[in-house]
Amino acid sequence: MTITIYGIKNCDTMKKARAWLDKAGVEYAFHDYKTSGIERERLERWAKKAGWETLLNCAGTTFRKLPDKDKDGLSEKKAIMLMLAQPSMIKRPILDLGGGKLLVGFKPELYKNTFP
């Protein structure tokens, strides 16, 4: 099973998640949105699995700085377009465990239950 962690290299939450995985001896591949981007199909698949509301980082600076017209009337289609245009708006990290299983965000207790 290949595990991939998606996010941005310099994000503090990403650093915590990667440190946790490293300490637990979990092997993973790292995909950086800033350098490698993200495919529409992957975002759409994640949105179906986890919900676009879970994927969109509304608390982040990038989202908060958007003009109101971009934030009003959010739908899955509009949210995916925003995340494709500015991957910083995707909640971090997203851990793809394979087989369609995802962990969104970093919660040590959830990681502990996933990697006992």
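Trainee: Which residues in helix 3 meet helix 7?

Mentor: In helix 3, R40, L43, E44, A47 and K48; in helix 7, E76, I80, M81, M83 and L84. Contact means heavy atoms within 4.5 Å. Helices (H or I, at least four residues) and strands (E, at least two) are DSSP runs, numbered from the N terminus.

Trainee: How do those contact residues divide by type?

Mentor: Six are nonpolar, none polar and four charged. Nonpolar covers Ala, Val, Leu, Ile, Met, Phe, Trp, Tyr, Cys and Pro; charged covers Asp, Glu, Lys and Arg; the others, Gly among them, are polar.

Trainee: What kind of model is this?

Mentor: Predicted: local features need pLDDT of at least 70, side-chain atom pairs count only at pLDDT 80 or more, and totals for chains, interfaces and linings use all residues. Residues are numbered from 1 along each chain as its sequence is written, and side-chain values use heavy atoms, with hydrogens and water left out.

Trainee: Back to the helices. At what angle do the axes of helix 3 and helix 7 cross?

Mentor: Roughly 135 degrees, and the axes come within 10 Å. Axes are lines fitted to C-alpha atoms, for helices over the stretch in contact; angles run from 0 to 180 degrees between N-to-C directions.

Trainee: New topic. What is the strand order in the sheet?

Mentor: The order is 2-1-3-4, in an open sheet of four strands with mixed pairing. Strands pair if DSSP finds at least two bridges between them. Strand 2 and strand 4 (101-104) are the edges, each pairing on one side only. Neighbouring strands are turned by 20 degrees against each other on average, direction ignored.

Trainee: Which strands run parallel?

Mentor: Strand 1 (residues 4-7) and strand 2 (residues 29-32), joined by four bridges. G7 stands opposite D32 there. Strand 3 (residues 94-98) and strand 4 are antiparallel, again over four bridges. In that pair, G98 faces K101.

Trainee: What does helix 1 touch on the sheet?

Mentor: Strand 1, strand 2 and strand 3; its direction makes about 165 degrees with that of strand 1. Helix 3 also packs on the sheet, touching strand 1, strand 3 and strand 4, at about 85 degrees to strand 4.

Trainee: Last one. Is the R92 to P93 peptide bond cis or trans?

Mentor: Cis, with omega near -15 degrees. P93 lies in the loop between helix 7 and strand 3.
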